[in-house]
Amino acid sequence: MQDTERNEQELHRLEKLSLLRSAGVDPYPVSFDKTHDAAEILEKFSDSEADKFSSVTLAGRIMGIRRMGKATFCHIQDATGRIQIYLKKDDLGEWYEHQQQFDIGDIIGTSGYVFRTRMGEITLHATSLVLLAKSVTPIPVVKEELDESGNVIRHDAFADKEQRYRKRYLDLIVNPHIKQTFILRSRVISEMRRFFDARGWLEVETPILQPLYGGATARPFVTHHNALGVDLYLRIADELYLKRLIVGGFEGVYEISKNFRNEGMDKTHNPEFTSMEIYVAYKDYLWMMDMLEELISTIVTTLFASNTVAHQGTDISFARPFPRKKMSELFVEYTGTEVIGKSKEELIAIARATKVDVETSWSAMKLLDEIFSVKVQPNLIQPTFVIDYPVEMSPLAKKHRSSPELVERFELFINGKEIANAFSELNDPIDQRSRLEEQSAIRAAGDDEAMVVDEDFLHAIEVGMPPTAGLGIGIDRLVMLLTNCDSIRDVLFFPQMKPERL
RNA sequence: GAUCUCGUAGCUCAGCUGGUAGAGCAUGUGACUUUUAAUCACAGGGUCCAGGGUUCGAGUCCCUGCGAGAUCACCA
């Protein structure tokens, strides 16, 4: 950026930077040894044992400065929180002069002893001070105060969602409370890994760039490999590769992966999102339901020390067992009619009778899906397994052991949202081929979300896959649920945004 | 993709029926050695998202575009 494009405040900061340099101060030293964190001092300091903190070294970003002539108070923020620093001219000598050039946003290091001010705030009395990084552009100024009951009141909060998402680093600095969401996200994933690893299942990595995409019904992103001269697709699901690994002899594999779908964006959809898929040999969907129940309730109780989580005003209970309801029963319960096995025309009539908006051009599968998502899904607030789906809706699931028009599939719904999807995997190669060919026909008829035939995948299934249970979990949605967020953008550090034209 | 709302100083926001652009914080100068949304005095800071139109005159009214948020539709 040219200096002529800089605003007044930036020019002031650049001038201070050069003043500091000419006074012999290195504004960007290479490292700094800190001994404590802010939170540690605020938690452990006591007036009777002040000598425990008679020599501490802290580092952090200046978030506020109050200069009072020959004494200055500032708050610095480190990864753990904010703490006040007391700077006194008599104690700091030339560095007291240097700090006149410090601004909100600068990163400093300081040593001294901890005391409590007349106003009662635990504070570091600095006996030495250094600059660790000069900030040359202003950050949003957010002032905080505490009300009588100790709640934080923020003034002039940095609240513009667009700017917060585009400049997440600023959001994290001035709204540090949002870090909790991301820390919890990370812990959800760690707990999941710990759970799977403890059972001996192997974390694996499969291709993101794929010559053919599959494993879900969705539109893909297309990219191009120059050396090979071929188009490649960004994966929409892990499923087909993970099953190849089960064919190859692994008996439990999982992958936590970014998937990419070239579709609309809204509160619950980002073009890239994180899912976890796991496949375990010799198991079926009933076993998988037990496993998932245990997984989710383990994560919740580990992270919250409780099996209840508050989400957008509703308490969600993760106490086992979660109810298991057949899809057909739910249809009867919420629409008053049996819908499984009905013809397209009958389904349209049922939809109209129950005030569900549908189009006559839709397939039976899409009609069922629509009626389900309008009439049934919003009622599934507490964790509920929906089991036994119509075969047309699930081209990769095994036919039900007792009803050939159904498949052995379940989805876990919480707060009206699908959190997980699983089935007894289809390992009959003849059936699998005919199901993919049906998809291919639907695709040829104009549905560009239908699956394509992957001959290599079919070959793998022909080689022989053991009976296998597979599960996918939408990590972003699970995290939204557990962090009380109603937008996927709040659980992604860098949500996809339209390019900003300046 | 459709509808509604929004875009003004570094940040948060005012700006009425169209008449020379406002506040608080932040910034600069000065005072102040336990302050805390520090205080007090003075000062500087704007392509009012972009481009057209109506008008003597547009931040304001109209149109188009860009970006965002909310709601709806589709997908996880």
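The structure is a predicted model, in which local features need pLDDT of at least 70, side-chain atom pairs count only at pLDDT 80 or more, and totals for chains, interfaces and linings use all residues. Residues are numbered from 1 along each chain as its sequence is written, chains are lettered from A and ligands numbered from 1 in the order in which they are written, and side-chain values use heavy atoms, with hydrogens and water left out.

**The chain as a whole**

- Chain A has 15 helices and 20 strands; helices (H or I, at least four residues) and strands (E, at least two) are DSSP runs, numbered from the N terminus.
- Taken along the principal axes, the C-alpha atoms of chain A fill a box of roughly 85 × 55 × 50 Å.
- Of the 502 residues of chain A, 47% count as buried; buried means under 20% relative accessible area, exposed over 50%, and partly exposed in between, with a 1.4 Å probe and protein chains only.
- Among the contacts in chain A with a separation of 6 or more, 63% come from residues 24 or more positions apart; a contact means heavy atoms within 4.5 Å.

**Helix 7 and helix 9**

- Two packed helices are described by the angle between their axes and the distance between the axes.
- Helix 7 (residues 179–198) and helix 9 (residues 285–304) have axes that come within 10 Å and cross at roughly 135 degrees. That makes helix 7 oblique to helix 9.
- Here the axes are lines fitted to C-alpha atoms, for helices over the stretch in contact, and angles run from 0 to 180 degrees between N-to-C directions. Angles under 35 degrees count as roughly parallel, over 145 as roughly antiparallel, 65 to 115 as roughly perpendicular and the rest as oblique.
- The crossing of helix 7 past helix 9 is right-handed; the near helix is turned clockwise from the far one by less than a right angle in a right-handed crossing, and anticlockwise in a left-handed one.
- On the helix 7 side, L184, R187, V188, E191, M192, F195 and F196 meet M291, E294, L295, T298, I299, T302, L303 and F304 of helix 9. The residues of this contact divide into 10 nonpolar, 2 polar and 3 charged.
- Not counting residues up to four places away in sequence, I189 touches I256 and I475.
- The C-alpha atoms of I189 and I299 are separated by 9.2 Å, although the two residues are 110 apart along the chain.

- Helix 13 (residues 429–444) and helix 14 (residues 455–463) pack at an angle of about 160 degrees, with their axes 9 Å apart. They are therefore roughly antiparallel to each other, and their crossing is right-handed.
- P429, Q432, R433 and L436 of helix 13 make the contact with E455, F457, L458, I461 and E462 of helix 14. These residues divide into 5 nonpolar, 1 polar and 3 charged.
- Helix 15 (residues 475–483) is mostly covered, with 8 of its 9 residues buried; I475, the residue touched by I189, is one of the buried residues of helix 15.
- N484 follows helix 15 and has a positive phi, near 60 degrees.

**Aromatic rings**

- The count comes to 16 aromatic pairs. Rings of Phe, Tyr and Trp (its six-membered ring) pair if their centres lie within 6.5 Å; planes under 30 degrees apart count as stacked, over 60 as edge-to-face and the rest as tilted.
- F45 and F53 form a tilted pair, 6.3 Å centre to centre with 45 degrees between the planes. F45 is buried at a relative accessible area of 7%, and F53 is buried at 6%.
- Ring pairs link F195, F196, W201, Y254 and W287 into a cluster.

- V280 lies in strand 13 (residues 272–281) and is buried, with a relative accessible area of 3%. Leaving aside neighbours within four places in sequence, its contacts include W201 and W287.
- H75 is found in strand 2 (residues 71–78) and is buried, with a relative accessible area of 17%.

Notes:
Nonpolar A, V, L, I, M, F, W, Y, C, P; charged D, E, K, R; others polar.
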